[in-house]
Amino acid sequence: LNAKVYSRDQIEFISNNNQKNMHITISGEHAGSSNYVVNRNSSFKDILNKVQFTKLSANSQVHVFRKSIAKLQKNLITSSLKELEESMLTASSATTDEAIIRKQEAKLVLDFIDRAKGVQPKGRVVINTNSNLSKFILEDGDVIHIPKKSHVITVEGQVKIPSSLTFVKGISVNSDSKKCGGLTSREDQKN
């Protein structure tokens with residue numbers, strides 16, 4: 001191998017015949033290694049036991065980004081968009097006025113569909129801490145993300161000034177919404 005190597009280059013040697021191992025990445029708030037080569041039958045629990053959490057690791061909010069789930073999510077989005085497109089293009093109208101409205105409506109929906117086709121799902125798998133994590137088998141290329149603890153909450157929706165606030169135990173939703181300028185006239189007081 002006579003390739004030149006330059007500063008900041010990354011070199012990875014991978015055997016095409018080695019089916020026994022897979023590469024797992026750990027990202028986010030942790031200490032220690034970020035890259036692991038593990039056996040193909042390794043579980044989420046196996047790798048989690050190797051991770052060095054810090055005081056700021058949000059252990060209960062760990063999640064996985066998985067390529068196969070991203071592909072599945074993309075297929076589901078594509079299927080839903082196709083159904084939506086078919087329903088828009090096959091809708092009938094009883095009157096000329098209704099046809100004009102449906103045409104305008106269809107243009108808006110078709111524009112949305114074109115934008116939505118560009119969405120690239122991340123394949124996020126939320127980890128339920130009550131599940132048996134030794135049965136959650138890892139896949140090659142999985143990225144396990146450990147969020148950092150935060151004492152910040154975000155208030156959005158039908159508030160006048162959507163904001164992020166520091167968390168205070170025992171403070172009510174009503175109190176937090178008042179700090180965001182109060183509720184708008186469109187809010188649903190029952191919920």
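Tutor: The protein chain exposes about 14500 Å², and carbon and sulfur atoms supply 51% of that area; accessible areas come from the Shrake-Rupley method with a 1.4 Å probe, and for residues only the protein chains shown count as cover. This is a predicted model, where local features need pLDDT of at least 70 and side-chain atom pairs count only at pLDDT 80 or more, while totals for chains, interfaces and linings use all residues. Residues are numbered from 1 along each chain as its sequence is written, and side-chain values use heavy atoms, leaving out hydrogens and water.

Student: Why is S57 called buried?
Tutor: Buried means under 20% relative accessible area, exposed over 50%, and partly exposed in between (1.4 Å probe, protein chains only). S57 has 1% relative accessibility, so S57 counts as buried.

Student: And why does S43 count as buried?
Tutor: S43 has 3% relative accessibility, therefore S43 is buried too.

Student: What does S57 touch, not counting residues up to four places away in sequence?
Tutor: With contact meaning heavy atoms within 4.5 Å, S57 touches E29, H30, I146, P147 and K149. S57 and K149 are 92 residues apart in sequence, yet their C-alpha atoms are 5.8 Å apart in space.

Student: Which residues is S43 in contact with, leaving aside its neighbours within four places in sequence?
Tutor: Those are L133, S134, F136, I137 and L138.

Student: How much of the protein chain counts as buried?
Tutor: Of its 191 residues, 25% do.
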